[in-house]
Amino acid sequence: SVRSEADQCRVIKLLEPIQDREAFCNNVITTSHYTVANFVPKNLSEQFKKIPNIYFLILSCLQTLPQITTTGHVPTILLPLVCILLLN
């Protein structure tokens, strides 16, 4: 059976409620880089793509080891690293 051209068109009348809303896809466009759910993982992955941030993270981990530390198991470099991560 051949459908007529009128059966294949969608007619939208102004100021009337849309019928069969489920028959059409959602046209929502999201242009944001971050959402509430993915802010922390995406931000940390972006920050630790930078080599100096990885270097200072490794140094702060090494400062907690008793065989290596000269700061009494306190990662003193962690505070500047956190400041840099929050400000970037």
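**Talking through the model**

Modeller: A place to begin is the contact pattern: among contacts in the protein chain between residues at least 6 apart in sequence, 24% join residues at least 24 apart. Please keep in mind that this is a predicted model.

Biologist: How many helices and strands does the protein chain have?

Modeller: The protein chain has four helices and zero strands, and read from the N terminus on, its elements run α-α-α-α.

Biologist: And where is confidence lowest, and where is it highest?

Modeller: Confidence is lowest in helix H1, residues 5-8, where the mean is 58, and highest in H3, where the mean is 94. Over the protein chain the average pLDDT is 83, and 82% of the residues score at least 70.

Biologist: What share of the protein chain is buried?

Modeller: Of the 88 residues in the protein chain, buried ones make up 10%. The accessible surface of the chain comes to about 8000 Å², and carbon and sulfur atoms account for 64% of that surface.

Biologist: Which residues make the nonpolar surface patch?

Modeller: The patch is made by Ile51, Ile54, Ile58, Leu62, Leu65 and Ile68, and its area is about 500 Å². One of these residues, leucine 65, lies in the loop between helix H3 (51-62) and helix H4 (78-87), and leucine 65 counts as partly exposed because its relative accessible area is 35%.

Biologist: Let's go into H3 itself. Is asparagine 53 buried or exposed?

Modeller: Asparagine 53, which lies in helix H3, is buried, because its relative accessible area is 6% and the cut-off for buried is under 20%.

Biologist: OK, and what is asparagine 53 in contact with, leaving aside its neighbours within four places in sequence?

Modeller: With those neighbours left aside, asparagine 53 is in contact with Gln47, Phe48, Leu81, Ile84 and Leu85.

Biologist: Switching to salt bridges, how many does a search of the whole structure find?

Modeller: The search finds one salt bridge, and it joins lysine 49 to glutamate 46, with the closest N and O atoms 3.5 Å apart.

Biologist: How accessible are lysine 49 and glutamate 46?

Modeller: Lysine 49 is exposed, with a relative accessible area of 57%, whereas glutamate 46 is partly exposed, with a relative accessible area of 33%.

Biologist: Where is glutamate 46 placed, and what does glutamate 46 touch, not counting residues up to four places away in sequence?

Modeller: Glutamate 46 has its place in helix H2, residues 39-47, and, with residues up to four places away in sequence not counted, glutamate 46 touches His33 and Tyr34. From C-alpha to C-alpha, glutamate 46 and asparagine 88 are 9.9 Å apart in space, while in sequence they are 42 residues apart.

Biologist: Back to the loop between H3 and H4 for a moment. Why does threonine 69 count as buried?

Modeller: Threonine 69, which lies in the loop between H3 and H4, counts as buried because its relative accessibility is 18%, and the limit for that class is under 20%.

Biologist: Which backbone nitrogen atoms does the side chain of threonine 69 approach?

Modeller: A polar atom of the threonine 69 side chain lies 3.1 Å from the backbone nitrogen of threonine 71, and the side chain of threonine 69 also reaches the backbone nitrogen of glycine 72, at 3.5 Å. Not counting residues up to four places away in sequence, threonine 69 touches Leu62 and Gln63.

Biologist: Last one, about histidine 73: what is its phi?

Modeller: The phi of histidine 73 is near 65°, a positive value in a residue other than glycine. Most residues other than glycine have a negative phi. Histidine 73 is found in the loop between H3 and H4, and histidine 73 is classed as partly exposed because its relative accessible area is 45%.

Technical notes. Residues numbered from 1 in each chain as written. Predicted model: local features only at pLDDT ≥ 70, side-chain atom pairs only at ≥ 80, totals over all residues. Heavy atoms only, no water. Patch = residues over 30% accessible without salt bridge, like charges linked within 9 Å, V, L, I, M, F, W, Y side chains within 5 Å. Areas by Shrake-Rupley, 256 points an atom, 1.4 Å probe, with all protein chains shown as cover. Salt bridge = Lys/Arg side-chain N within 4 Å of Asp/Glu carboxyl O. Helix = DSSP H or I, 4+ residues; strand = E, 2+ residues; numbered from the N terminus. Buried < 20%, exposed > 50% of the residue type's maximum accessible area, 1.4 Å probe, protein only. Contact = heavy atoms within 4.5 Å. Polar contact = N/O pair within 3.5 Å; in protein donor to acceptor, adjacent residues only side chain to side chain. pLDDT = per-residue confidence, 0-100.
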